[in-house]
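Let's take a friendly walk through a protein structure together. Keep the picture open beside you and look up each residue as it comes.

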Number of protein chains: 2
Amino acid sequence: MTSNKELQEKRMRGYFIEAASEILKGEGLKAVNVRSVSERAGYSYATLYNYFKDLNELVFICVSGFLNECEAMAAEQSAKHQPGKDRIKSSMKSLAGYFVQYPGIFELCFIERINNPVANQSSAKLIYELVDRITQEDFEHLIRNNIISSQTAKTTTLILKNSMAGLLLHYLNRLQPNDYKTFIANLDEQLTAILA
Amino acid sequence: MTSNKELQEKRMRGYFIEAASEILKGEGLKAVNVRSVSERAGYSYATLYNYFKDLNELVFICVSGFLNECEAMAAEQSAKHQPGKDRIKSSMKSLAGYFVQYPGIFELCFIERINNPVANQSSAKLIYELVDRITQEDFEHLIRNNIISSQTAKTTTLILKNSMAGLLLHYLNRLQPNDYKTFIANLDEQLTAILA
DNA sequence: TTATAAAATTAACAATGTTAATAAAAATAA
DNA sequence: TTATTTTTATTAACATTGTTAATTTTATAA
């Protein structure tokens, strides 16, 4: 049972979270600051501190919403394929597409320093295991049908998640390679080889 | 031929570069600011602006020095091995060791935003191709002896560089996995699979 | 309706990057 | 050598951003 007070407080937090999420998606992390978020939420900058320990806490609360959205997008793409390696490939391309569309979210999830010790462990784990969650069903299918061993699945997931993070880091943060076409070609080349 | 003026100017830049490099190695990127660097260099904070466009330019000038040091460390390790896959593995472990020892340098090379358009392209490329340079000799050897094809070498380098960046990003930035032992085990597992 | 509690706002401060104005030092010309 | 000019370095100042303190406004209870 939630009291009136709790409901109101939850709503207030929601206004700030929504404002921060919108700015993150539209203008990226560098545009997020106490004053811009509070203004968009319709309150003064100091009001934010009545509902969040600091700006960092607020920003990291946005993470799980974004991860859900990214997973949903990958799942939607998955629905078009049969379980298996092709579907993993397609899911990873969808994941890459999400972060290319919202570079600010990539920055937040993989790059921005976390000062908040609470959000720290839980959200870091949530991010780290994103690829695991998206590909879990397919890997289980591959193991069940004796296409790959359980050990191979574990190793492949590790390489998959690290190489996706690295690929996106280089491209979004350093523009390496410096054209989109090559980036897409590299993505495909990498996925094909890892899942061979 | 360098004039007196050029020599003196080069020296001055050197003092600031050295100061910034020391802070980067010791306390990391967060401890680098105009005032701390200038103080260590023995000058006032505004003097820095007589020799560098801004703090960003100075900080990114440090990059190539660090990359050289990292390559040298990998080369030293390499000298103990015969050319081939084992040597690539050993070089990559040495590279990982360097960045684990100096997380501030990893942050600078892979994470920190570049605002300087000049340093941008050149230093981004230098960073992106670090793994290529370190492994070049070995891949040439493998191709020459028909152990792998030239195409496989290209793809393997791509996966190697991305998965190393991702592995380090997750570990240094998010403490995933959250113990050193597992990190080292993952590093080995990943390298073994990629170079299989 | 008035006293009290809660919430929101404005004012203020600290840290940092950067520029402008001033001072000091060095170089040059008489 | 001394005066002038140029170069270099420093201090002062300002803008931005995160955060806290003091104050005002709003809601609640007697």
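Here is a short briefing, grouped by topic.

This is a predicted model, in which local features need pLDDT of at least 70, side-chain atom pairs count only at pLDDT 80 or more, and totals for chains, interfaces and linings use all residues. Residues are numbered from 1 along each chain as its sequence is written, chains are lettered from A and ligands numbered from 1 in the order in which they are written, and side-chain values use heavy atoms, leaving out hydrogens and water.

**Where the two chains meet**

- The contact between the chains takes 38 residues of chain A and 38 residues of chain B; contact here means heavy atoms within 4.5 Å.
- The size of an interface is often given as the accessible area lost when the parts come together.
- For chain A and chain B the buried area is about 3,200 Å², and carbon and sulfur atoms give 51% of it. Buried area is the accessible area (1.4 Å probe) that two parts lose on being put together, summed over both.
- Three salt bridges are found across the interface of chain A and chain B, a salt bridge being a side-chain nitrogen of Lys or Arg within 4 Å of a carboxyl oxygen of Asp or Glu.
- There are also 19 residue pairs in polar contact across the interface of chain A and chain B (both at pLDDT 80 or more). A polar contact is a pair of N or O atoms within 3.5 Å; within protein, one must be able to donate a hydrogen and the other to accept it, and residues adjacent in sequence count only if both atoms are side-chain atoms.
- On the side of chain A that touches chain B, α5 (103-111), α6 (117-128), α8 (150-174) and α9 (180-194) of chain A each supply at least two residues. The largest share, 16 residues, comes from α8(A). Helices (H or I, at least four residues) and strands (E, at least two) are DSSP runs, numbered from the N terminus.

**Salt bridges to look up**

- A search over all chains of the whole structure finds 23 salt bridges.
- A:K154 and B:E189 form a salt bridge, 3.0 Å from N to O. A:K154 is partly exposed at 47% relative accessibility, while B:E189 is buried at 16%. Buried means under 20% relative accessible area, exposed over 50%, and partly exposed in between (1.4 Å probe, protein chains only).
- Within chain B, the side chains of B:R40 and B:E22 meet in a salt bridge (2.8 Å, N to O). This pair links helix α2 (residues 34-41) of chain B, which holds B:R40, with helix α1 (residues 4-26) of chain B, which holds B:E22; the two are 18 residues apart.

**The two domains of chain A**

- Nine residues from domain 1 of chain A and eleven residues from domain 2 of chain A make up the contact.
- Domain 1 and domain 2 of chain A bury about 810 Å² between them, 76% of it on carbon and sulfur atoms. In domain 1 of chain A, the residues that lose the most area to domain 2 are A:L24, A:K25 and A:L29, together 70% of what that side buries.
- The rule finds one salt bridge across this domain interface.
- A:K25 also forms a salt bridge with A:E69, with the closest N and O atoms 2.8 Å apart.

**One helix of chain B**

- Helix α4 (residues 55-78) of chain B has 24 residues and reaches 36 Å from its first C-alpha to its last, close to the 34 Å expected at 1.5 Å a residue. The expected span is 1.5 Å times one less than the number of residues.
- The N-terminal end of α4(B) is capped by B:D54, with a side-chain oxygen 3.2 Å from the backbone nitrogen of B:N56.
- Buried residues in α4(B) include B:L58, B:F60, B:F66 and B:L67.

- Most residues other than glycine have a negative phi, and most peptide bonds are trans.
- The peptide bond from A:Q176 to A:P177 is cis, with omega near -5°, and A:P177 lies in the loop between α8 and α9 of chain A.
- A:N146 has a positive phi near 55°, and this residue is exposed, at 69% relative accessibility.
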